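Colleague: I have some questions about how the labels on this model were assigned. Can we go through them one by one?

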Amino acid sequence: MSYIDVDALWRVMVASLVGGVGIAALFSVGLIGVSSGRTVGRVAGGLAFAVVVAGIILGVYVMLDK
Amino acid sequence: MTGDLVLLIVVVITALSFDFTNGFHDTANAMATSIATGALKPKIAVGLSAVLNFVGAFLSLKVAATIANGIVDSGAITLTVVFAGLVGGLAWNLVTWYFGIPSSSSHALIGGVVGATLLASGIKAVKGEGLVSHVIIPAVLAPIAAVVVATVGTYLVYVLTRKVEERTRTKGFKIGQIGSASLVSLAHGTNDAQKTMGIITLALIADGTITQNAGTPFWVVVCSATAIAAGTYVGGWRVIRTLGKGLTEIEPPQGFAAEASSATVILTSTHFGFPLSTTQVCTGSVIGAGLGKRLAQVRWGVAARMGVAWLITLPAAALVGAVAFGAAQLIGGALGVIVVFAAAVIFAALLFLASRKTAVNARNVNDEWVGRGTPTQVRTPV
(Lines give C-alpha, C1' and ligand atoms only; values in the text may rest on other atoms or scores of the structure.)
Protein backbone atom coordinates (compact mmCIF):
# COMPACT_ATOMS: atom_id res chain seq x y z
CA MET A 1 0.00 0.00 0.00
CA SER A 2 1.20 3.50 -0.84
CA TYR A 3 1.35 5.72 2.22
CA ILE A 4 0.82 8.87 0.27
CA ASP A 5 -1.26 9.78 -2.77
CA VAL A 6 1.40 11.89 -4.48
CA ASP A 7 -0.88 12.72 -7.39
CA ALA A 8 -3.59 14.17 -5.13
CA LEU A 9 -0.97 15.90 -3.00
CA TRP A 10 0.69 17.88 -5.79
CA ARG A 11 -2.73 18.85 -7.15
CA VAL A 12 -3.71 20.15 -3.71
CA MET A 13 -0.45 22.08 -3.38
CA VAL A 14 -0.63 23.70 -6.84
CA ALA A 15 -4.37 24.47 -6.66
CA SER A 16 -4.02 25.87 -3.12
CA LEU A 17 -1.11 28.05 -4.10
CA VAL A 18 -2.80 29.35 -7.25
CA GLY A 19 -6.18 29.77 -5.54
CA GLY A 20 -5.03 31.15 -2.19
CA VAL A 21 -2.38 33.50 -3.54
CA GLY A 22 -4.59 34.39 -6.53
CA ILE A 23 -7.53 35.42 -4.35
CA ALA A 24 -5.28 37.47 -2.06
CA ALA A 25 -3.67 39.18 -5.06
CA LEU A 26 -6.99 39.82 -6.86
CA PHE A 27 -8.55 41.28 -3.73
CA SER A 28 -5.53 43.59 -3.40
CA VAL A 29 -5.87 44.63 -7.04
CA GLY A 30 -9.55 45.32 -6.37
CA LEU A 31 -8.65 47.58 -3.45
CA ILE A 32 -6.04 49.42 -5.52
CA GLY A 33 -8.60 49.92 -8.29
CA VAL A 34 -11.52 51.18 -6.23
CA SER A 35 -9.26 53.51 -4.23
CA SER A 36 -7.55 54.94 -7.33
CA GLY A 37 -10.25 57.56 -7.89
CA ARG A 38 -10.22 56.90 -11.66
CA THR A 39 -13.06 55.30 -13.61
CA VAL A 40 -10.79 52.79 -15.34
CA GLY A 41 -9.32 51.85 -11.98
CA ARG A 42 -12.75 51.38 -10.43
CA VAL A 43 -13.90 49.16 -13.30
CA ALA A 44 -10.73 47.08 -13.09
CA GLY A 45 -11.12 46.87 -9.31
CA GLY A 46 -14.76 45.82 -9.69
CA LEU A 47 -13.74 43.11 -12.12
CA ALA A 48 -11.10 41.84 -9.72
CA PHE A 49 -13.67 41.69 -6.90
CA ALA A 50 -16.08 39.87 -9.26
CA VAL A 51 -13.44 37.17 -9.83
CA VAL A 52 -12.96 36.86 -6.04
CA VAL A 53 -16.73 36.41 -5.62
CA ALA A 54 -16.66 33.77 -8.40
CA GLY A 55 -13.92 32.00 -6.43
CA ILE A 56 -16.11 31.99 -3.32
CA ILE A 57 -19.03 30.56 -5.33
CA LEU A 58 -16.66 27.87 -6.67
CA GLY A 59 -15.69 27.10 -3.06
CA VAL A 60 -19.32 26.65 -2.05
CA TYR A 61 -19.83 24.41 -5.10
CA VAL A 62 -16.88 22.24 -4.01
CA MET A 63 -18.45 21.92 -0.55
CA LEU A 64 -21.78 20.81 -1.98
CA ASP A 65 -20.25 18.52 -4.57
CA LYS A 66 -18.18 16.35 -2.22
CA MET B 1 -35.52 0.07 29.56
CA THR B 2 -33.15 -2.57 28.18
CA GLY B 3 -29.39 -2.43 28.57
CA ASP B 4 -28.95 -2.05 24.79
CA LEU B 5 -31.23 0.97 24.71
CA VAL B 6 -29.36 2.57 27.62
CA LEU B 7 -26.08 1.98 25.77
CA LEU B 8 -27.51 3.53 22.60
CA ILE B 9 -28.79 6.59 24.47
CA VAL B 10 -25.43 7.11 26.21
CA VAL B 11 -23.57 6.77 22.88
CA VAL B 12 -25.88 9.34 21.24
CA ILE B 13 -25.46 11.81 24.14
CA THR B 14 -21.67 11.30 24.12
CA ALA B 15 -21.54 11.80 20.34
CA LEU B 16 -23.51 15.05 20.63
CA SER B 17 -21.24 16.18 23.49
CA PHE B 18 -18.22 15.48 21.29
CA ASP B 19 -19.91 17.47 18.52
CA PHE B 20 -20.40 20.37 20.96
CA THR B 21 -16.72 20.36 21.97
CA ASN B 22 -15.76 20.10 18.31
CA GLY B 23 -17.73 23.29 17.75
CA PHE B 24 -16.21 25.37 20.52
CA HIS B 25 -12.74 23.98 19.94
CA ASP B 26 -12.81 24.90 16.25
CA THR B 27 -14.47 28.33 16.42
CA ALA B 28 -10.94 29.70 16.45
CA ASN B 29 -10.15 28.19 13.05
CA ALA B 30 -12.52 30.51 11.27
CA MET B 31 -12.88 33.47 13.58
CA ALA B 32 -9.66 33.95 15.60
CA THR B 33 -8.06 36.31 13.08
CA SER B 34 -11.30 38.29 12.49
CA ILE B 35 -11.63 38.78 16.24
CA ALA B 36 -7.95 39.68 16.65
CA THR B 37 -8.04 42.37 13.94
CA GLY B 38 -11.39 43.77 15.07
CA ALA B 39 -13.07 42.86 11.76
CA LEU B 40 -15.85 41.41 13.88
CA LYS B 41 -16.76 41.91 17.52
CA PRO B 42 -16.13 38.66 19.42
CA LYS B 43 -19.77 37.81 20.11
CA ILE B 44 -20.81 38.70 16.55
CA ALA B 45 -18.00 36.52 15.18
CA VAL B 46 -18.98 33.40 17.15
CA GLY B 47 -22.66 34.04 16.37
CA LEU B 48 -21.97 34.27 12.63
CA SER B 49 -19.78 31.17 12.78
CA ALA B 50 -22.48 29.27 14.69
CA VAL B 51 -25.14 30.12 12.10
CA LEU B 52 -22.84 29.09 9.22
CA ASN B 53 -21.90 25.84 10.95
CA PHE B 54 -25.60 25.11 11.44
CA VAL B 55 -26.41 25.85 7.80
CA GLY B 56 -23.34 23.93 6.63
CA ALA B 57 -24.52 20.83 8.44
CA PHE B 58 -27.60 20.73 6.19
CA LEU B 59 -25.81 21.52 2.93
CA SER B 60 -24.16 18.18 2.32
CA LEU B 61 -25.99 15.15 3.62
CA LYS B 62 -23.97 12.35 2.07
CA VAL B 63 -23.37 10.96 5.55
CA ALA B 64 -21.03 7.98 5.84
CA ALA B 65 -22.06 5.70 8.71
CA THR B 66 -18.44 4.94 9.55
CA ILE B 67 -15.86 5.85 12.16
CA ALA B 68 -12.09 5.77 11.67
CA ASN B 69 -12.74 4.28 8.22
CA GLY B 70 -9.66 2.63 6.75
CA ILE B 71 -7.84 2.89 10.08
CA VAL B 72 -9.49 0.19 12.16
CA ASP B 73 -11.17 -3.01 11.03
CA SER B 74 -14.89 -2.20 10.68
CA GLY B 75 -15.72 -5.61 12.20
CA ALA B 76 -14.08 -4.49 15.47
CA ILE B 77 -16.39 -1.50 15.86
CA THR B 78 -18.97 -2.16 18.56
CA LEU B 79 -21.13 0.37 20.40
CA THR B 80 -18.82 0.21 23.41
CA VAL B 81 -15.77 0.82 21.21
CA VAL B 82 -17.52 3.83 19.63
CA PHE B 83 -18.43 5.12 23.09
CA ALA B 84 -14.90 4.70 24.46
CA GLY B 85 -13.44 6.31 21.33
CA LEU B 86 -15.74 9.30 21.78
CA VAL B 87 -14.67 9.61 25.42
CA GLY B 88 -11.02 9.62 24.30
CA GLY B 89 -11.67 12.34 21.72
CA LEU B 90 -13.80 14.33 24.13
CA ALA B 91 -11.18 14.24 26.88
CA TRP B 92 -8.42 15.38 24.52
CA ASN B 93 -10.61 18.18 23.16
CA LEU B 94 -11.27 19.43 26.69
CA VAL B 95 -7.65 19.23 27.85
CA THR B 96 -6.34 21.07 24.79
CA TRP B 97 -9.11 23.67 25.14
CA TYR B 98 -8.09 24.22 28.78
CA PHE B 99 -4.51 24.87 27.71
CA GLY B 100 -5.70 26.97 24.74
CA ILE B 101 -4.11 24.70 22.14
CA PRO B 102 -5.75 24.29 18.74
CA SER B 103 -5.76 20.59 17.93
CA SER B 104 -7.62 18.35 15.51
CA SER B 105 -10.90 16.95 16.86
CA SER B 106 -10.90 14.35 14.07
CA HIS B 107 -7.46 13.06 15.04
CA ALA B 108 -8.51 12.97 18.70
CA LEU B 109 -11.57 10.90 17.81
CA ILE B 110 -9.51 8.55 15.66
CA GLY B 111 -7.01 8.19 18.50
CA GLY B 112 -9.79 7.33 20.95
CA VAL B 113 -11.23 4.69 18.62
CA VAL B 114 -7.80 3.20 17.91
CA GLY B 115 -7.10 2.89 21.65
CA ALA B 116 -10.46 1.25 22.36
CA THR B 117 -10.05 -1.08 19.35
CA LEU B 118 -6.55 -2.10 20.45
CA LEU B 119 -7.91 -3.22 23.79
CA ALA B 120 -11.07 -4.78 22.34
CA SER B 121 -9.66 -6.69 19.37
CA GLY B 122 -5.89 -6.46 19.52
CA ILE B 123 -3.29 -4.94 17.24
CA LYS B 124 -4.50 -6.85 14.16
CA ALA B 125 -7.68 -4.76 14.07
CA VAL B 126 -5.69 -1.54 13.65
CA LYS B 127 -4.42 -0.78 10.15
CA GLY B 128 -1.00 0.82 10.59
CA GLU B 129 -0.78 1.94 6.95
CA GLY B 130 -4.18 3.64 7.25
CA LEU B 131 -3.04 5.44 10.36
CA VAL B 132 0.08 6.72 8.62
CA SER B 133 -1.63 7.74 5.37
CA HIS B 134 -4.86 9.13 6.89
CA VAL B 135 -3.50 10.85 9.99
CA ILE B 136 0.25 11.14 10.36
CA ILE B 137 1.25 12.25 6.84
CA PRO B 138 -1.66 14.73 6.49
CA ALA B 139 -0.80 16.12 9.95
CA VAL B 140 2.68 16.96 8.70
CA LEU B 141 1.60 18.25 5.29
CA ALA B 142 -1.41 20.37 6.34
CA PRO B 143 0.48 23.10 8.19
CA ILE B 144 3.31 23.11 5.63
CA ALA B 145 0.89 23.65 2.73
CA ALA B 146 -0.93 26.40 4.62
CA VAL B 147 2.28 28.13 5.74
CA VAL B 148 3.53 28.28 2.13
CA VAL B 149 0.25 29.63 0.70
CA ALA B 150 -0.30 32.16 3.50
CA THR B 151 3.30 33.39 3.47
CA VAL B 152 3.26 34.11 -0.27
CA GLY B 153 -0.29 35.53 -0.06
CA THR B 154 0.57 37.87 2.83
CA TYR B 155 3.77 39.08 1.20
CA LEU B 156 1.91 39.85 -2.04
CA VAL B 157 -0.95 41.59 -0.25
CA TYR B 158 1.44 44.00 1.49
CA VAL B 159 3.52 44.63 -1.62
CA LEU B 160 0.51 45.25 -3.89
CA THR B 161 -1.37 47.53 -1.51
CA ARG B 162 1.61 49.49 -0.17
CA LYS B 163 0.38 52.69 -1.86
CA VAL B 164 -3.27 52.30 -0.84
CA GLU B 165 -4.31 54.68 1.90
CA GLU B 166 -4.07 52.92 5.30
CA ARG B 167 -7.71 53.52 6.27
CA THR B 168 -9.04 52.15 2.97
CA ARG B 169 -6.71 49.18 3.15
CA THR B 170 -7.67 48.29 6.71
CA LYS B 171 -11.39 48.65 6.02
CA GLY B 172 -11.18 46.69 2.76
CA PHE B 173 -9.28 43.76 4.23
CA LYS B 174 -11.57 43.64 7.25
CA ILE B 175 -14.53 43.18 4.90
CA GLY B 176 -12.60 40.56 2.94
CA GLN B 177 -11.72 38.79 6.15
CA ILE B 178 -15.38 38.43 7.09
CA GLY B 179 -16.07 36.77 3.71
CA SER B 180 -13.15 34.34 3.86
CA ALA B 181 -13.77 33.48 7.53
CA SER B 182 -17.42 32.79 6.70
CA LEU B 183 -16.34 30.37 3.99
CA VAL B 184 -14.14 28.50 6.49
CA SER B 185 -17.07 28.32 8.96
CA LEU B 186 -19.39 26.96 6.30
CA ALA B 187 -16.83 24.36 5.23
CA HIS B 188 -16.40 23.35 8.88
CA GLY B 189 -20.15 22.80 9.24
CA THR B 190 -20.32 20.62 6.12
CA ASN B 191 -17.36 18.49 7.28
CA ASP B 192 -17.48 18.16 11.04
CA ALA B 193 -21.20 17.93 11.83
CA GLN B 194 -21.33 15.01 9.40
CA LYS B 195 -18.87 13.05 11.51
CA THR B 196 -21.32 13.05 14.40
CA MET B 197 -24.22 12.26 12.11
CA GLY B 198 -22.22 9.29 10.81
CA ILE B 199 -21.40 8.04 14.31
CA ILE B 200 -25.01 8.25 15.52
CA THR B 201 -26.27 6.62 12.32
CA LEU B 202 -23.70 3.86 12.80
CA ALA B 203 -24.88 3.36 16.39
CA LEU B 204 -28.53 3.20 15.29
CA ILE B 205 -27.68 0.60 12.62
CA ALA B 206 -25.61 -1.46 15.08
CA ASP B 207 -28.50 -1.37 17.55
CA GLY B 208 -30.99 -2.40 14.88
CA THR B 209 -33.06 0.77 15.32
CA ILE B 210 -32.66 1.54 11.61
CA THR B 211 -31.62 -0.63 8.68
CA GLN B 212 -28.31 -0.38 6.81
CA ASN B 213 -29.87 1.49 3.88
CA ALA B 214 -32.31 3.65 5.82
CA GLY B 215 -30.18 6.78 5.63
CA THR B 216 -29.62 9.29 8.40
CA PRO B 217 -32.83 10.16 10.32
CA PHE B 218 -33.70 13.88 10.18
CA TRP B 219 -33.59 14.24 13.98
CA VAL B 220 -29.95 13.14 13.87
CA VAL B 221 -29.15 15.88 11.33
CA VAL B 222 -30.97 18.51 13.40
CA CYS B 223 -29.37 17.43 16.70
CA SER B 224 -25.86 17.27 15.21
CA ALA B 225 -26.24 20.68 13.54
CA THR B 226 -27.59 22.19 16.76
CA ALA B 227 -24.83 20.71 18.92
CA ILE B 228 -21.98 21.97 16.72
CA ALA B 229 -23.63 25.38 16.33
CA ALA B 230 -24.21 25.70 20.09
CA GLY B 231 -20.60 24.73 20.76
CA THR B 232 -19.39 27.24 18.21
CA TYR B 233 -21.49 29.99 19.78
CA VAL B 234 -20.16 29.25 23.28
CA GLY B 235 -16.79 30.09 21.72
CA GLY B 236 -13.59 28.36 22.72
CA TRP B 237 -12.12 31.68 23.81
CA ARG B 238 -8.90 30.15 25.12
CA VAL B 239 -8.09 28.63 21.71
CA ILE B 240 -9.27 31.78 19.90
CA ARG B 241 -6.85 33.82 22.01
CA THR B 242 -3.88 31.56 21.25
CA LEU B 243 -4.56 31.51 17.51
CA GLY B 244 -5.48 35.18 17.20
CA LYS B 245 -3.02 36.77 19.63
CA GLY B 246 -0.48 34.14 20.67
CA LEU B 247 1.15 33.01 17.45
CA THR B 248 1.67 36.46 15.99
CA GLU B 249 0.14 39.96 16.10
CA ILE B 250 -2.28 40.03 13.20
CA GLU B 251 -3.29 43.01 11.07
CA PRO B 252 -6.28 42.94 8.68
CA PRO B 253 -4.20 42.23 5.50
CA GLN B 254 -2.56 39.29 7.27
CA GLY B 255 -5.92 38.09 8.59
CA PHE B 256 -7.40 38.16 5.11
CA ALA B 257 -4.44 36.35 3.56
CA ALA B 258 -4.54 33.73 6.35
CA GLU B 259 -8.27 33.04 5.97
CA ALA B 260 -8.06 33.00 2.15
CA SER B 261 -5.23 30.50 2.45
CA SER B 262 -7.17 28.34 4.92
CA ALA B 263 -10.33 28.30 2.82
CA THR B 264 -8.42 27.44 -0.36
CA VAL B 265 -6.30 24.68 1.16
CA ILE B 266 -9.31 23.10 2.91
CA LEU B 267 -11.54 23.21 -0.16
CA THR B 268 -8.91 22.02 -2.65
CA SER B 269 -7.90 19.17 -0.35
CA THR B 270 -11.57 18.17 -0.08
CA HIS B 271 -11.98 18.38 -3.85
CA PHE B 272 -8.92 16.25 -4.64
CA GLY B 273 -9.72 13.63 -2.00
CA PHE B 274 -6.75 14.42 0.27
CA PRO B 275 -8.54 15.63 3.39
CA LEU B 276 -6.47 17.77 5.76
CA SER B 277 -7.26 18.85 9.31
CA THR B 278 -9.00 22.23 9.37
CA THR B 279 -7.25 23.10 12.64
CA GLN B 280 -3.78 22.33 11.34
CA VAL B 281 -4.43 24.20 8.10
CA CYS B 282 -5.73 27.30 9.92
CA THR B 283 -2.82 27.28 12.38
CA GLY B 284 -0.35 26.98 9.49
CA SER B 285 -2.06 29.89 7.76
CA VAL B 286 -1.69 32.14 10.81
CA ILE B 287 2.02 31.26 11.05
CA GLY B 288 2.36 31.99 7.31
CA ALA B 289 0.63 35.34 7.81
CA GLY B 290 3.29 36.16 10.42
CA LEU B 291 6.14 35.07 8.19
CA GLY B 292 4.81 36.89 5.13
CA LYS B 293 4.88 40.32 6.72
CA ARG B 294 8.32 41.83 6.97
CA LEU B 295 9.53 42.23 10.55
CA ALA B 296 6.44 40.52 11.95
CA GLN B 297 7.16 38.23 14.84
CA VAL B 298 6.09 34.61 15.04
CA ARG B 299 6.20 33.27 18.60
CA TRP B 300 7.87 29.96 17.88
CA GLY B 301 7.51 28.82 21.48
CA VAL B 302 3.72 28.90 21.11
CA ALA B 303 3.97 27.14 17.74
CA ALA B 304 6.22 24.46 19.24
CA ARG B 305 3.72 23.86 22.06
CA MET B 306 1.06 23.22 19.41
CA GLY B 307 3.38 20.91 17.49
CA VAL B 308 3.99 18.83 20.59
CA ALA B 309 0.23 18.65 21.25
CA TRP B 310 -0.36 17.47 17.68
CA LEU B 311 2.32 14.80 18.10
CA ILE B 312 0.72 13.37 21.21
CA THR B 313 -2.93 13.77 20.14
CA LEU B 314 -3.17 10.24 18.80
CA PRO B 315 -1.44 8.36 21.64
CA ALA B 316 -3.06 10.49 24.38
CA ALA B 317 -6.60 10.06 23.02
CA ALA B 318 -5.84 6.37 22.39
CA LEU B 319 -4.79 5.93 26.00
CA VAL B 320 -8.01 7.51 27.29
CA GLY B 321 -10.06 5.49 24.78
CA ALA B 322 -8.40 2.29 25.92
CA VAL B 323 -8.88 3.11 29.61
CA ALA B 324 -12.53 4.01 28.99
CA PHE B 325 -13.12 0.76 27.12
CA GLY B 326 -11.28 -1.28 29.76
CA ALA B 327 -13.25 0.29 32.61
CA ALA B 328 -16.58 -0.19 30.83
CA GLN B 329 -15.75 -3.83 30.14
CA LEU B 330 -14.48 -4.44 33.66
CA ILE B 331 -17.74 -3.26 35.23
CA GLY B 332 -19.71 -4.78 32.40
CA GLY B 333 -22.96 -4.12 30.58
CA ALA B 334 -24.81 -0.84 30.44
CA LEU B 335 -23.70 -0.04 34.01
CA GLY B 336 -20.06 0.01 32.90
CA VAL B 337 -20.80 2.51 30.16
CA ILE B 338 -22.87 4.67 32.54
CA VAL B 339 -20.07 4.73 35.13
CA VAL B 340 -17.48 5.76 32.51
CA PHE B 341 -19.89 8.39 31.19
CA ALA B 342 -20.39 9.76 34.71
CA ALA B 343 -16.60 9.88 35.19
CA ALA B 344 -16.28 11.81 31.92
CA VAL B 345 -18.94 14.30 33.03
CA ILE B 346 -17.15 14.85 36.37
CA PHE B 347 -13.82 15.33 34.55
CA ALA B 348 -15.41 17.91 32.22
CA ALA B 349 -17.02 19.74 35.15
CA LEU B 350 -13.72 19.90 37.10
CA LEU B 351 -11.88 21.21 34.05
CA PHE B 352 -14.59 23.82 33.50
CA LEU B 353 -14.34 24.94 37.15
CA ALA B 354 -10.55 25.13 36.91
CA SER B 355 -10.87 27.25 33.77
CA ARG B 356 -12.98 29.82 35.66
CA LYS B 357 -9.96 30.76 37.76
CA THR B 358 -8.23 32.11 34.67
CA ALA B 359 -11.26 32.80 32.51
CA VAL B 360 -10.82 33.91 28.92
CA ASN B 361 -13.97 35.38 27.43
CA ALA B 362 -15.32 37.76 24.83
CA ARG B 363 -14.16 40.75 26.87
CA ASN B 364 -10.52 39.84 27.41
CA VAL B 365 -9.81 37.58 24.45
CA ASN B 366 -7.93 40.39 22.67
CA ASP B 367 -5.91 41.59 25.66
CA GLU B 368 -2.18 41.92 25.12
CA TRP B 369 -0.35 38.59 24.90
CA VAL B 370 1.84 38.17 27.95
CA GLY B 371 3.51 34.89 27.15
CA ARG B 372 0.69 32.64 28.22
CA GLY B 373 -2.85 31.86 27.18
CA THR B 374 -4.68 33.67 29.92
CA PRO B 375 -4.56 37.47 30.24
CA THR B 376 -2.99 38.94 33.38
CA GLN B 377 -6.05 40.99 34.23
CA VAL B 378 -8.88 38.51 34.36
CA ARG B 379 -12.21 40.19 33.84
CA THR B 380 -15.34 38.66 35.20
CA PRO B 381 -17.66 37.51 32.41
CA VAL B 382 -20.92 39.39 32.00
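Predicted model: local features only at pLDDT ≥ 70, side-chain atom pairs only at ≥ 80, totals over all residues.

Colleague: Why is Ile136(B) called partly exposed?

Modeller: The relative accessible area of Ile136(B) is 41%. Buried means under 20% and exposed over 50%. The value lies in between, so Ile136(B) is partly exposed.

Colleague: Which residues make the nonpolar surface patch?

Modeller: Leu17(A), Ile136(B), Val140(B), Ile144(B), Val148(B) and Val152(B) make the patch. Its area is about 440 Å². Helix α5 (residues 128-160) of chain B gives the most, with five residues.

Colleague: Why does Cys223(B) count as partly exposed, and why does Cys282(B) count as buried?

Modeller: Cys223(B) has 30% relative accessibility, so it falls between the 20% and 50% cut-offs and counts as partly exposed. Cys282(B) has 2%, which is under 20%, so Cys282(B) is buried.

Colleague: How many disulfides does the structure hold?

Modeller: Zero, over all chains. A disulfide would need a pair of cysteine sulfur atoms within 2.5 Å.

Colleague: How do you know that the span of helix α12 of chain B agrees with its number of residues?

Modeller: Helix α12 (residues 333-357) has 25 residues. At 1.5 Å a residue, the helix should span 36 Å. The end C-alpha atoms are 38 Å apart, which agrees.

Colleague: Which residues of α12(B) are buried, and what covers them?

Modeller: Gly336(B), Val337(B), Val340(B), Ala344(B), Leu351(B) and Ser355(B) are buried. Their cover includes α1 (3-37), α3 (79-98), α8 (237-246) and α11 (300-331) of chain B.

Methods:
Residues numbered from 1 in each chain as written. Chains lettered and ligands numbered in written order. Heavy atoms only, no water. Buried < 20%, exposed > 50% of the residue type's maximum accessible area, 1.4 Å probe, protein only. Helix = DSSP H or I, 4+ residues; strand = E, 2+ residues; numbered from the N terminus. Expected span 1.5 Å × (residues − 1). Contact = heavy atoms within 4.5 Å. Patch = residues over 30% accessible without salt bridge, like charges linked within 9 Å, V, L, I, M, F, W, Y side chains within 5 Å. Areas by Shrake-Rupley, 256 points an atom, 1.4 Å probe, with all protein chains shown as cover. Salt bridge = Lys/Arg side-chain N within 4 Å of Asp/Glu carboxyl O.
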